[in-house]
Structures are given as C-alpha cells and as structure tokens.
Amino acid sequence: MKLKFLLLIVCGVSLFSSCKHEVAQKKKPNILFISIDDLRPEMSSYDNSMAITPNIDKLSKQGTQFNRAYCQQAICSPSRASLMTGARPETINVIENYTYFRDENPDIITLPQHFKDHGYTTINCGKVYHAKYNDPGLSWSVKPDKSLIKNTLKGLVGGYIDPKNQEIFKKNKSAMIKKYGDKAKYGLGLGPAFECMDVPDNQYIDGYVTDLAIANIKKIVEENPEKPFFMGLGYIAPHLNFIAPKKYWDLYDRNNIKLAENNTAPENGAAMGLHASFELRTRANIPNKGDIPDSLALELKHAYLATSSYVDAQIGKVLDFLKEEGLLENTIVMVWSDHGYHLGEMGIWGKATNYEIATRVPLVVWSPFQNDKTRGQSSNALVELVDMYPTLCDMAGLPKPEHLEGTSFTPLLGQPNLPWKEAVFSQFPTPALREWAANPLSEGMRETYFGPLIEEVEQEIKDQMKEEWDRALFENDIMGYSMRTNDYRMIVWKNRKAPHEAPIFIELFDHKNDPKETKNIADERPELVQQLMLQFDKGWKGNVPQQQS
C-alpha cells in the first residue's frame, strides 16, 4: 500500500509538473528589444573603456556579451532596415537614409510584425526604425499612449533646453531653409554639438522615452496579463547632438579622458574610404574645415561618454521596473547599437565607414531561461545584427520566415566558444563623396562651406585613382564591401552595378598585428588577397557555421 501511495504521489507530481510546463509554454516570453544610436562598444565591459555603464555591465555579467558583433552598414536607416527585416542592405535596396524599406519591399515580414502575427502585442517607444520609416501599419499592434505620462517635451527646440542653444539652432536652420527650402531639413544649419544642463533625466528625449515605455508596458500587462509583449525601445543617445543632464557629465574628470591615438588615415588606404566628418561639421560650434582642436576634441569625447552613461541609466530604470513587477522572469532582453562611431580615430568623427571602429557594435543578450553555467561568459564568435531576427525567433519558439539572411546565434548562448562564422559582411558607398546619410552629395552641400572641403576630398581620390577617376561613378556607384574574418578585414571597392568586374581598389588589414587598422597591406600580400577573395566571393551564405549550413 505504501508503495502504491508513493507511486500515486510521484505520478501526481509528474502530472502537475507536466501541466505546469504546458501552461508555461502557452505564454511566450516577452521581448525587450533595446536599440542605441551610434554607441560603439564603449561600455566598461568592453575593451577596458572608461565609460561608466553599470547597468549594461550588469546585464553582460548575467547574460551573454558578444565581443565581435557587426552591423551590415554603418549608417542609421540601412542598418535598422536590414536588421528589422532580417535581410541585407542590397537585398532590400536600402543603402542610404532616405529610402523607405516598405517602398522597395511592400510584402516583407519585419521582426515585430512576425511576433505580432504570432500573438504578441508589439509596441514601439523611441527610435527603433529610422525616423519616419517606422512601419506603423504592419510592425506595431498598438501606439504608445502618451497620455499616461504628464511630460510632453514641448519646451525642447532642436533637442536643446538651453535658450541660447535654441536660438542658435533656430537662426541657423531658418537661414538654410530660406536658401535651400525643404532640402535644408536634411541636416544643414544646426545648433551646437553638445549640451549639458542640470535637469532631471526625463527633460531630455531619452528620459522621456523611458518613462513612456515603462507606463505603456504597465498598461499592456494590466489589460492583458496572459498576452506576451514585444517592446521596441529606442534611444537616441549618444547620437549627435551629445546631450545629457549635468550629473552624467559630472561622472567624468576631463583630465583623465584620452584622445584617439591612431588619428591619421590608414597608410596606403583608400582615399575614398574616409569622409571629412561632414555630420559633425554641420554643428554651430565645430570648424567647417581643418583639424578639430584637442581642447574641442576633449569636450566632444566627454560629451559622448556622458550621453553613453545617460542611456545606460535609462536602460537600468526599465530593467528595474521589469524586475519589480515580476516581468523580468519571463522577458528576453536584447541590447544593441545600430553601428559604431569614430571619435577622432583615423582623423575623423562620425560613423559611415567600412572600418572596424564604425562597423563593430555592442550586443548583449539576457534570457531568464539561459544555462546558469554560461551566464556571464562573453563570446568572441563573429556575429551580425542581421542574426538577431532568427535568434529571437528561436528563443521565443517561433518559426523563421524563409527570407531571412542571418543565422540564429542561439547555440552560442549555451556554448559561447562554439566554432562559428568564418566571416561577417558590411558595406558602405564611397564615404568620401556621400553625405553623412549615405546619399549622394546635394546641391546645398556643394554650395555651402562644405564646397572647398569636397574639392579637397575629390582631389585626394583623383591623385590616387588617376585615370580611373570618374565623378559620376565614384559618387553614385562605387560600393565598399567589407569582410571581417577572425584575423583580417578586407574591403573590396567595386562598381555595384557591375558586380562581376574586377575591384578598383582593395584594402587589407591584419588584426593580429594591427588591430587599429593603421596600414593597408594588400599590395604586400597578394597571395593572401587572392585567398581571401575566394572566401569573399562565397558571400555570407558561404561563411555560415557548418552546423547551420
């Protein structure tokens, strides 16, 4: 009898556990998808950086940090359109900021749309897609309810709080609109590059977005606690302008801030591969041409670090809220940046290149279901932002759409040191002869103070390319295709409209001996170039992990 009784208990417990498991499986995990604009791997858990980012550091120590993650194009809209559709820039024909991916791909299924179609409430607070290309009709099932918070940000002008900066912005913008009309709205005539005011976090945009996200998550969960949510939470900082409350500036002693050491263009590098820091130079307090003085460079880097700490604090507030509400135990968190950023490296400021500093990004994944043995272990595997879509599908137990061009890195969450991709790929059209949005140079750019600067840049390319120089070709059709392997970065400059023609220029950097990419060794290592070209020609499909092919 005792044996029968024990068997009944065991069966009952087993049945209960099975039922509990089934109930748990009915509700999919929530997704908190956090995007950060222009953040290179600057947090403390990466590269021994001096950035003070305790919240992302904590998440890294409890989840998985990817040390070698790369974007598909180092500019906002192409990068975000790529990762949100799960397809690469040229596949969706988005290679500059002013092409809407829906116009080119009306039926493509985006990441949040896919989750919405599988029972999720999908909502967006802040910048996840680029600007107005937010795909409201298909990606998001509800709009954020702004009435849930009292703050409206109506006092901001151009993102500034300081009345002096607001006046500078209005005056410069008005002058450019008067001269160029609507074309001026794309970035000509702006205010100062940074601002520091002693105000609460939510008086600037990212603090406001944090309050908005928390209020809307709370509302969604209260209205339908059994339905999972997908929150796309997008932060602008540390994008220009570098704006943050004073307390984040006060975290740093400017005397301890170091400027970039590799502040010149790569030896024997492509003249077309670097721009003239156009985006920064549109700001009112930045020289239109010439070097950025060290004193100003220190202010800029201080501002960048302050905004990095500001956005880290906002992420901490959202994570604390989820934990307090008991939601974190069923929420997958993915934190990423759309691309990196030059802070004086190679002599330039901004994104928009094919080099390591612009294409490498932070990527951190935390899951309540992760193996405790691997929590806190970072991975050196080569991964790409286009991989996030299939990864989240796997983590949430959703099928993967057939159009995806990334590889789920879910196996790396359990085995961070698993052999993985042989190479990852990025691209960017001639940075030297494109605006910071990757679009061809506009009339306004040529006529303003940028005119002489553009002529200087053109002359450098002419001197290097000689008889191969053709303005229409270089401005419109030359694409730099970058392949990053474990040991090398190779950039192949080609006419994108004639993909089978030979490259017009090749750059090769040895990351074992030259991690800062200071010297192009392509001419010195022709056999290695030939070998890597064979790998390059295989494309992303030929470089996926063996277990995923």
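Thr 121 lies in strand E3 (residues 121–126), where helices (H or I, at least four residues) and strands (E, at least two) are DSSP runs numbered from the N terminus. At 10% relative accessibility, Thr 121 counts as buried; buried here means under 20% relative accessible area, exposed means over 50%, and partly exposed lies in between (1.4 Å probe, protein chains only). With neighbours within four places in sequence left aside, Thr 121 is in contact with Ser 141, Val 142, Ile 220, Lys 227, Pro 228, Phe 229 and Phe 230, contact being heavy atoms within 4.5 Å. The model is a predicted one, in which local features need pLDDT of at least 70 and side-chain atom pairs count only at pLDDT 80 or more, while totals for chains, interfaces and linings use all residues. Residues are numbered from 1 along each chain as its sequence is written, and side-chain values use heavy atoms, with hydrogens and water left out.

The nonpolar interior comes next. A nonpolar core is a set of buried Ala, Val, Leu, Ile, Met, Phe, Trp, Tyr and Cys residues joined through side-chain atoms within 4.5 Å. The largest such core has 64 residues, of which Leu 32, Met 231, Leu 233, Leu 300, Leu 322 and Val 333 touch the most other members. Helix H11 supplies the largest share of this core, 14 residues. For Val 333, the contacts beyond four places in sequence are Leu 32, Ile 34, Leu 59, Leu 319, Leu 328, Val 364, Val 365 and Trp 366. Another core, of 46 residues, lies apart from the largest one and includes Ala 81, Phe 101, Ile 108 and Phe 409.

Helix H11 also takes part in a helix pair. Two packed helices are described by the angle between their axes and the distance between the axes. Helix H2 (residues 54–62) and helix H11 (residues 294–324) have axes that come within 7 Å and cross at roughly 55 degrees. Axes are lines fitted to C-alpha atoms, for helices over the stretch in contact, and angles run from 0 to 180 degrees between N-to-C directions. On the H2 side the contact is made by Pro 54, Asn 55, Ile 56 and Leu 59, and on the H11 side by Asp 312, Ala 313, Ile 315, Gly 316 and Leu 319. These residues divide into six nonpolar, two polar and one charged, with Ala, Val, Leu, Ile, Met, Phe, Trp, Tyr, Cys and Pro counted as nonpolar, Asp, Glu, Lys and Arg as charged, and the others, Gly among them, as polar.

Charged pairs form another part of the picture. Side chains of opposite charge can pair when their charged atoms come close. The structure holds 30 salt bridges, each a side-chain nitrogen of Lys or Arg within 4 Å of a carboxyl oxygen of Asp or Glu. One of them joins Arg 489 to Glu 356, with the closest N and O atoms 2.7 Å apart. Arg 489 belongs to strand E15 (residues 488–495) and Glu 356 to helix H12 (residues 356–359), so the pair ties together parts that are 133 residues apart in sequence. Arg 489 is buried at 1% relative accessibility, and Glu 356 is buried with a relative accessible area of 12%.

Glu 458 and Arg 471 form another salt bridge, their closest N and O atoms being 2.6 Å apart. This pair links helix H16 (residues 450–465), which holds Glu 458, with helix H17 (residues 471–476), which holds Arg 471, the two residues being 13 residues apart. Glu 458 is buried at 4% relative accessibility, whereas Arg 471 is partly exposed at 38%.

Some backbone details complete the description. The peptide bond from Ala 237 to Pro 238 is cis, with omega near 5 degrees, and Pro 238 sits in the loop between strand E5 (229–235) and strand E6 (242–245). A cis peptide bond also joins Leu 240 and Asn 241, with omega about 0 degrees; Asn 241 lies in the loop between E5 and E6. Ser 277, although not a glycine, has a positive phi of about 60 degrees, and Ser 277 is buried, with a relative accessible area of 2%.
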